[in-house]
Amino acid sequence: MEQPPFGAPTADRIVEGHLREVSNSGGRTRSIVSSVKEILSYRQLLVRLVSREIRARYKNSSLGIVWSLMRPLAQLLIYYIAIGQFLGASRSIPDFAIFVFTGLTIWTLFAEIVGGGTGSILANAGLVKKVYLPREIFPLAAVGGALFNFVVQFIVLIVATVLISHPAPTLDWLLAPLAILLIIVLGTAIALVLSAVNVYLRDVEHLVDIVLLVLFWASPIVYSVTAVKSILGSSIISEIFLSNPITLAVLGMQKAIWAAGSQDPTQFWPSHLALRMLIALGVSFILLIVAQRIFARLQGNFAQEL
Amino acid sequence: MEKQEDIIVVQDLSKRFVLHKDKSVKDRVLYFRSRDKSRSEFWALKDVSFNVAQGETVGLIGHNGSGKSTLLKMVGGIIDPTSGSVMRRGRIAALLELGAGFHPDLSGRDNVYINAAILGLSTAETDAVFDDIVEFSGIGNFIDTEVKFYSSGMYVRLAFAVAVHSDPDLLLVDEVLAVGDEPFQRKCMNKIREFQREGRTIVLVSHSAEQVADVCTRAIVLDAGEIVHDGEVGEGIRVLREGYERDRVSETERAADPFIDGAVKIHGVDVLLSNGEAAGSEPIPRGETLTFSIRAEVKKNIEWITGFTLQSMLGQTVYFVNTKGIGLNPPQDVGNYRVEFVVPDVNFGRERLILSAGATTLDGTIIDNLQFAGHLDFEPDPVGGGAVQFKVVASIKS
């Protein structure tokens, strides 16, 4: 008996929706609104990708998640001993360990967003080439992974602060979420652009390592802004130093969490810190929109360049 | 079949690939002047337009490099066209690569959820079909094992299972069915048939003419980025085969021995019924005796063999015979001859067979080949079906 003839569907299937243009056909770029809508419709995937990254990273290690803390703790130890004790920075900076860890925590968030985001499209080349997804998902998943590590570190930081310096609630605490938001928005903008450019120019990955190293020492993480101020005075260079959004985020974080320093009258804090941070946040938002436009333009050729 | 709404509309789609030969800064600086030379471009697709109605199963066929996969990727939205547009609606599942997105260090279960999310399923929807996925894949207890320990067959089965359970309106399939063992391939084909019955739309890229002939309701044949045929499947496969044949003949012609070339010419084949009339006006009834008379002209003194082949519309050989098999030696002297084969009691079950005839040397080198020497129509089998037909009598015994 031959197979029954195929062809005519026996069931009428209802397909919802109207005909829509597929991705950027015709060389046009999607609007930012439709991009955001599309990304939102894939938010469950985003969550899964983030958890995939985190779980896969520590899958066969016996210490698991503890490893995400090891690196910053080792850094803390190095800076505490080498810079704090040997170079004597801890004499002018009270609670030096808390000070360094505060800066390191917010810095690590930035470094992981940018570093992880840059390689994210290449790392997921298999998916990019074979399945259609809004490609912004991959840098965003890197941001999610960095945030997860950040939360772990942040909890440790808060516990340590509460145990060591018994802080009293102040309005300065509000600077912490502002600083975190600033770093996320700025870092995401940079990660979006670099992840796309990295597909065409693989040199970017190596460049990012170096630039991150420079930026680390350009922000008052292991030295205090007071020391910078005493050398630079109120020159234009000092203003440039203070306009660095990463510096602002680090300062905001320190003002909020490093209780020993924010109450110390000998420490220098830039005027209108909150306002400066808000401006930086506004600029970062604009950068994020620009970054998305650049990403949308570049992503059309991802599949054939990888 | 009533007219269904279109689910894919492709208009004037073109894709140009630019090949850069220089990649590093050093190359670009050194060869700055000759930059244009280091760029070459080619058009993978040129002005391709077609519509796919809902419920159709379209086979995209063409030889390597004809642009099928590029076209499928553009329909899937993975690469952007250079010009033209693709419009689409409904939920799509693209089986371009099974298991893309599988993470080797995670368990099968985790990967099912991730892959389902990639195909657009929510967690709740995946929960609902999870057991079916495991059942279909036949993975069983290995579902909680890390995927890196899976055999390649298990890997593919799991990925396919996820894809077919994602409830797509449109399924894009690219060659993936070539992997996996036979029972699994059969399972895949059955699933595709089930999808057809459910009114889903399928676009299938395949090198296997049998596969396309088996399931597709329409074939689009691509050659060098252009559509050369769009419509009936059997015809499409014939067009594709002719393309292959053309390539092959042009190759063999170049290699051919100048002595053999043109030594024998096949002018045609006459098919006569038992009453002496030419076949062709009406379908040939079962049991008829046919005479195949090959008209050949020997131009050089050579030892040769001649014979004919009957093929189905899909190119499957149903029957062939030649003088060597029968033990007959055609004359070597220059002149015109008729080589007659009498075939008694024909019972072909196919309604139409394509007749071809050829002449070769004793070691099988082709001297002349008549690809299409006519076609024969047969009366359909009133009771059964298949490649042959019989006068079957049935009775019930208790």
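Which strand of chain B is joined by four bridges to strand β3 (residues 57-61) of chain B, and do the two run parallel or antiparallel? Point 3 takes this up.

1. Basis. This is a predicted model, in which local features need pLDDT of at least 70 and side-chain atom pairs count only at pLDDT 80 or more, while totals for chains, interfaces and linings use all residues. Residues are numbered from 1 along each chain as its sequence is written, and chains are lettered from A and ligands numbered from 1 in the order in which they are written.

2. Chain A. Of its 306 residues, 41% are buried (20 or more other C-beta atoms within 10 Å of the residue's own, with C-beta atoms placed from the backbone). Among contacts in chain A (C-beta atoms, placed from the backbone, within 7 Å) with a separation of 6 or more, 84% are between residues 24 or more positions apart.

3. Sheet in chain B. Strand β3 is joined by four bridges to strand β7 (residues 201-205) of chain B, and the two run parallel. Thr57(B) has Ile202(B) as its bridge partner in β7(B). Both strands belong to an open, mixed sheet of six strands in the order β5-β6-β7-β3-β8-β9 (chain B); strands count as paired if DSSP finds at least two bridges between them. At the edges are β5 (92-95) and β9 (226-231) of chain B, each pairing on one side only. From one strand to the next the twist averages 15° (axes are lines fitted to C-alpha atoms; angles run from 0 to 180 degrees between N-to-C directions).

4. Chain B overall. Chain B has ten helices and 17 strands, and 38% of its 398 residues are buried. An automatic or database assignment divides it into domain 1 (6-242) and domain 2 (261-377). The C-alpha centres of these two domains of chain B lie 42 Å apart.

Note on methods:
Buried ≥ 20, exposed ≤ 12 C-beta atoms within 10 Å, placed from the backbone. Contact = placed C-beta atoms within 7 Å.
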